[in-house]
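Let's take a friendly walk through this structure. Keep the viewer open as we go from a helix pair to a pocket and then to some backbone details.

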Amino acid sequence: MIDLDAKHMARALELGRGGDPSPNPHVGCVIAEDDTVVGEGYHATAGAEHAEIVALKAAGKKARGATLYATLEPCNHVGKTPPCVDAIVAAGIKRVVIGRRDPNPRVTGGGLERLEKEGVEVKLGVLDAECKELIRPWAHFVTAGRSYLSLKLAMSLDGRIATRTGASKWITCPESRARVQQLRGQHDAVMLGVNTVLADDPRLTVRDVPGRSPIRVVIDSRLRLPPTSHLAQTAKQTPTCVMTTQAASPAAEQELDALGVRIVHVAATAEGRCDPVAVLQELAAREVVNVLCEGGAELAGSLLAARLPSELHVFVAPILLGPRGRPGAVDWAGPELPGDAPRINPPHWELCGSDAYVWGPIVFPKKTGTTKPGV
């Protein structure tokens, strides 16, 4: 026998993966009368109609007496749009199936309770794991108060990021570089350390694949970003932000500000570097839900040492650069034992052209030997 609730929720999940709603969550919705879908929709962009409203409008009068499937608990508060529960009740929906409760601690008054109070039958937890995965970055953003962090690494088989002369273009193949641009387009911001800017002068835009270019964030404790760099020269076209400390030169700040670079001061660590937790908090305060860190080695190491990445994306090229090549993609002390090492779990392996690509959630072992997700 077909599980209609699971079938329709699976379709709602498929719909929910569409759109670009940041800083709001991805949400999909289906309205059905038994096996027949009468309306469906998803939250396309922030400020636009929520998935439930789109689906209700598509269903029209056929919504009365039907079942509504939503990947996330319908809202019961006024934001940029009216509460969805009001529209659901007014449309005569008799039953609502919810994949996941809203984890936002700032939301007062649950949509589930309001629906039940209005006499609507509610079922919670259908395809819960899949619905949780759909909103994982956003859920972290609203509960932790920090941007969800993904770390990207690219290296040779022997773990090097450049040759002995410092040449790094290109270690990975064109297919891998296209996949990186896809990853950029899926994030609100892309982040890297100033040393990488000084070495490579990158653009950090989405060019060869569909998608928007994210905000570009440079971690630069002493404000060494050259005004002549691509990032500074194009800051008025693609938003660019530099996270720095009070050690930054006022003259350098004034020059970069004139080019359109946003300067944000954060607390410094004991070593004088930008505090990585403060960086992610500042980005979250500016509605950056998720950020992709693309390097360099020192920044990646400090993030891992602070146990901040939630995802890891690694591209490995089938080449050897030798022991005199530039150090590895991550500069940190690392674990004492293999069992203490952070790892991708579960890992997803793919081939990108001639390269291996492994990605997934990163977990950090506790001292007791158990593991917990990165935060």
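Helices α2 and α3 cross in a left-handed sense. The model you are looking at is predicted, so please read what follows as a description of that prediction.

To find the pair, look for α2 at residues 51-59 and α3 at residues 84-91. Two packed helices are described by the angle between their axes and the distance between the axes. Here the angle is about 25 degrees, and the axes lie 9 Å apart. Angles under 35 degrees count as roughly parallel, and α2 and α3 are therefore roughly parallel to each other.

Which residues make the contact between the two helices? From α2 come E52, I53 and L56, while α3 brings C84, A87, I88 and A91. Sorted by class, this contact of α2 with α3 holds 6 nonpolar residues and 1 charged residue, with no polar ones.

Now let's turn to empty space. Rolling a probe the size of a water molecule over the atoms shows where such space is left.

The largest share, 4 residues, comes from α7. By class, the lining of the second largest pocket counts 15 nonpolar, 13 polar and 10 charged residues.

Finally, have a look at the backbone. Most residues other than glycine have a negative phi, and most peptide bonds are trans. Against that background, the peptide bond from S22 to P23 is cis, with omega near 10 degrees. You will find P23 in the loop between α1 (4-16) and β1 (28-33). The bond from N345 to P346 is also cis, with omega near 0 degrees, and P346 sits in the loop between β13 (343-344) and β14. D34, a residue other than glycine, has a positive phi, near 60 degrees; look for D34 in the loop between β1 and β2 (36-42).

Conventions: Residues numbered from 1 in each chain as written. Predicted model: local features only at pLDDT ≥ 70, side-chain atom pairs only at ≥ 80, totals over all residues. Heavy atoms only, no water. Axes fitted to C-alpha atoms, helices over the stretch in contact; angles between N-to-C directions. Parallel < 35°, antiparallel > 145°, perpendicular 65-115°, else oblique. Left-handed = near helix turned anticlockwise from the far one by under 90°. Contact = heavy atoms within 4.5 Å. Nonpolar A, V, L, I, M, F, W, Y, C, P; charged D, E, K, R; others polar.
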